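Below are my notes on the model, as numbered points. Terms are given their cut-offs where they come up.

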Amino acid sequence: MNKARNAILARLKKQTKPNFSKHIQFASKPSPHLNRGKTSALLIKKLEENRVEVHCVNSKNFEDTLVQVALDRKLNTWLIGKNLSKIEQAGTALTAASPDISLVHYTQDYETLKKTLFHDIDASVTLAKTAIAETGTLVLIPDQNEPRMMSLVPPVHIVLLNECDILNNFQQLVDNPPWSTQKMPSNIVFISSPSKTADIQQTLAYGAHGPKTLIVFILS
Amino acid sequence: MTTSFPTRIKQALADPQLRSNFRGAMDFLRNKRKLAFSDENEWEALKKQGAAVRQDAIQRLPELLPQLEQQCLNNGIQVHWAEDGQEANNIVLSIAHQHQAQLVIKGKSMATEEIELNDFLEQHNIECIESDMGEYIVQLDNEKPSHIIMPAIHKNTAQITDLFENKLGISTPEGDVDALIGVGRTILREKFEQADIGISGVNFAIADTGTLCLVENEGNGRLSTTAPPVHIALMGIEKVIPNIKALPTLQKLLTRSATGQHITSYLNLISSPRKPGELDGPKEVHLILLDNGRAKISQDQQLQSTLACIRCGACMNHCPVYTRIGGHAYGSTYPGPIGQILTPQLKGLEQEGELLDACSLNGACGEACPVEIDLPELIRTLRHRRQVTRHKSWSLEAFVWFIWLQIHQHPRLYQLATRLAASFRALKLKTPTNWTRTRTMPKPAKSSFHQQMQSIQKLKVRVKNE
Amino acid sequence: MSASINNRAGTNKADTHKTTIVKKTMNTQPKKQIYLFGTCLIDMFYPQAGLDAVALLELSGYEVIYPQAQTCCGQPPYNSGFKSPAVKVAKQTIQLFSAQDIPLIVPSASCAAMIKHHYPTFFITNSLEAKQAKQLGQRTFELIDFIADKLPYNRQPLRPPIKVTLHESCSALREMNVASTWRHVLNKLDNVKVTYPENRQECCGFGGTFSIKSDAVSAVMTQDKCQNLINTAAKQILSGDCGCLMNIGEHLKFEGNKNPCLHLASFLVEHFGLNHDH
């Protein structure tokens, strides 16, 4: 392998070219200037264009709407993470709402929980770190409390997003990321719609492999 | 390939279903892309940024790749270098053996197609299943992808419905795409659960943080790189970018050019395997840096920009030739304009140079390229290289151009030749030629423009002197 | 003076007509000079388009210099990968049109692009030849683009309404970026309705030697383009590139149709009544 590395680098170093180093300007200012209200409105518009269901709720009682969603769609087995007060709030409200509703806490490793994850979960609820209005994108940073599979395996995925965390555009996010570049999170996921594909005669179909339904609660 | 390129072209042209499928698909994709880039100023600005980032990255590969390697290692990602496809395949095999892997699930990766990884693993008794719907479909039908973004673009719904019925024994209602997708979801879900190794490509690798960026719509990419205990990412060495600042621009250019989407359902940034305390994610992540001819391309100043490609597929979507012959006719992993440029460079101009003939140099590809690769110019350059390496043996074409030069370099000879052609204008060719099979022969004018301008000039002189 | 020329034995109508034009142009004030590069296709097959180009340039106030030693721009071998013959012919062409620092007008977007954009790439950067090529490129223009703002639109003679379709050649759309000017000029003409074929930006299938070497796919592209043009139900098919016009026209003839193709220059000459005595 070292042999391959050396050989490849040696070949690459044989480039003959003038030293090209150009400062590339990436526009990060929102244009036109968007205030908080407009940013949220843009996010909602973009999300809904991509078949994401959006609920604007008060952060104090968001769980009422969540419970309604659970009851309306008969979502009974919920996957939730740990050590997060908002999630605890949600979990408590859900189990209180109906005896049919039960929670699965993602507290064991994936290998142990695999069968349950793939077969028994109706919905999951996770937090979003931030969101990008220009493309209608949620940014999730899975971690010890909310592992990766939570936003991937269940057929219904619900995201809680604080309105004040919404950014206007992607460039803003990378210019000032809410993560440490020294110690990158193992995984960052940008989610903009339910899972979909147009691989069959360019016909759009939802629920390919990831969640078929994506619901966002914007908390203010 | 058992058939020749010209034969495959003729077969494709004679297939009305193929013609109709591709026409429909290409028109659809062109329109979607046009809508996504409806703001001309934004398109120009993004394109310039994208071109600059890619050009800079290629020229700094000797510095960026070691940086990427170091950061990945710091993050716990194991890094391997492969000079060619065989080496890359062997690396995958050795990892598979270490883990006694029997089932590999694949996210979408054109690089793995390039090195024929699936066949290699099958030969070593390791089952290798594609999880991208389009890739799954072509794998089911024992075919190769015909497009780099939409692998099953050559098939319509009816054909896929029949395929599922024949190969899987599963019937779905006519025209029901949702049902077909549902079948794929059910079957592949089981595979995600069971797979020992997940293999993916990499859209961009960020050097300064050791981060792999993957875009997708289906979720199979995330599942392939999260569910199995081992994730292997195969990446062409040209895919590295210096830092995350360029990612928004490149993401916009890629997804809008490929499918007309402003962003895909998922953009996944992977920087490490499962960390202590984390409950899921692969326990091992491997990055294989694949050369396979790319470093050599980087040495060639005229052809270097080949490596700027971000694999969006816009060039083939806009190519009038690809639209009519489809992807399989090219007989190479990468079809269309980028394939005509890349394949001869990766596999040899001698063997694959013929691909270059299937181009009218109309320029639609270069116009659509989001990183400003001058594709027509690269095709011309490769045609020139091909001719230069061939000229040792006399070819009919070289002779034709030799005669052409004699005539066009000597004005008197040229004018004589024109006069001769004019005097034989009444002659009709009996034997069909490539032109006359579908067109009448243009008739040389009785009096050429040269002659007419000459007599006007003489007239002017006469008039002046009167 | 005129009587003696018109009465010359053996003079035919064309000669008389030519004389009239020549005299007309010579009787006006001293004009700015420009070079004309006729192109080999116009030279051999479509000289009328060349004459019409001259007429338009003169109408626009120019004196046309046509060096007789010109042959071809070199595009056919160049596009086929035979750069050396193309470079030799290029050198000759550059010399020929560098005697005077005046605009070089080309009634073909593809030949114009060859001279303007490709010639400068043939020579080592900063060499004398490269500088000359660049200088020539900077004063090279596609015909319609050059005269677009100089045509006497307010002096349009009355004409019956006509529906035409425009084939925007690949070189006009991309390399020379003059297709919008072509559209603009046609839109300014009275009683001319312009339509566009479906998939208007798609290549007609000519591509020079492509039509011979990759004849199977070229034939299909040509067929499609012709069908789309016919579907516009236009009376004439216009373009500024004779290669495309030849490809389309000869295919239409092969299919038993009339050839409704006309160079934009010829259409404009007809429109402005330049081919009639006024």
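1. In chain C, four strands make an open sheet with parallel pairing, in the order β6-β5-β7-β8. Two strands count as paired if DSSP finds at least two bridges between them; strands (E, at least two residues) and helices (H or I, at least four) are DSSP runs, numbered from the N terminus. β6 (192-195) and β8 of chain C are the edges and have a single partner strand each, so one side of each is left without a neighbour in the sheet. Ignoring direction, neighbouring strands of this sheet are turned by 35° against each other on average. Axes here are lines fitted to C-alpha atoms, for helices over the stretch in contact, and angles run from 0 to 180 degrees between N-to-C directions.

2. Provenance and numbering. The model is predicted: local features need pLDDT of at least 70, side-chain atom pairs count only at pLDDT 80 or more, and totals for chains, interfaces and linings use all residues. Residues are numbered from 1 along each chain as its sequence is written, while chains are lettered from A and ligands numbered from 1 in the order in which they are written.

3. Strand pairs of the chain C sheet. β5(C) and β6(C) run parallel and are joined by four bridges, with C:V164 opposite C:V194 in β6(C). Three bridges link β5 (residues 162-166) of chain C to β7 (residues 236-239) of chain C, also in parallel; here C:L166 faces C:L238 in β7(C). β7(C) in turn pairs in the parallel sense with β8 (residues 261-263) of chain C over three bridges, and C:I237 stands opposite C:C261 in β8(C).

4. Which helix links β7(C) to β8(C)? The chain crosses through α14 (residues 242-254) of chain C, in a right-handed β-α-β crossover. Right-handed is used for a path that runs clockwise from the first strand over the helix to the second, with the strands pointing away from the viewer.

5. Domains of chain C. The chain is divided into domain 1 (2-146) and domain 2 (154-271), bounds that come from an automatic or database domain assignment. Between them, 26 residues of domain 1 are in contact with 22 residues of domain 2 (contact: C-beta atoms, placed from the backbone, within 7 Å). On the domain 1 side, α4(C) gives the largest share, six residues. That side divides into 15 nonpolar, eight polar and three charged residues. The classes are Ala, Val, Leu, Ile, Met, Phe, Trp, Tyr, Cys and Pro as nonpolar, Asp, Glu, Lys and Arg as charged, and the others, Gly among them, as polar.

6. Burial in chain C. Of its 278 residues, 50% count as buried, meaning that 20 or more other C-beta atoms, placed from the backbone, lie within 10 Å of the residue's own. In α7(C), nine of the ten residues are buried, so this helix is largely enclosed by the rest of the structure. Among the buried ones are C:C111, C:M114, C:K116 and C:H118.

7. Chain B against chain C. In this interface 54 residues of chain C are in contact with 51 residues of chain B. Helix α13 (residues 215-230) of chain C supplies the largest share of the chain C side, seven residues. By class, the chain C side has 26 nonpolar, 16 polar and twelve charged residues.

8. Chain B against chain A. Here 71 residues of chain B are in contact with 59 residues of chain A. Helix α10 (residues 177-194) of chain B gives the most to the chain B side, with eight residues. The chain B side has 28 nonpolar, 27 polar and 16 charged residues.

9. Eight strands form an open sheet with mixed pairing, in the order β8(A)-β5(A)-β6(A)-β9(A)-β9(B)-β6(B)-β5(B)-β8(B). Its edge strands are β8 (166-167) of chain A and β8 (240-241) of chain B, each pairing on one side only. β9 (residues 187-191) of chain A and β9 (residues 266-270) of chain B run antiparallel and are joined by five bridges; the partner of A:V189 in β9(B) is B:N268.

10. A helix pair in chain B. The axes of α2 (residues 16-36) and α12 (residues 247-259) of chain B come within 6 Å and cross at roughly 145°. B:L29, B:K32, B:R33 and B:A36 of α2(B) make the contact with B:R256, B:S257 and B:T259 of α12(B).

How values were computed:
Contact = placed C-beta atoms within 7 Å. Buried ≥ 20, exposed ≤ 12 C-beta atoms within 10 Å, placed from the backbone.
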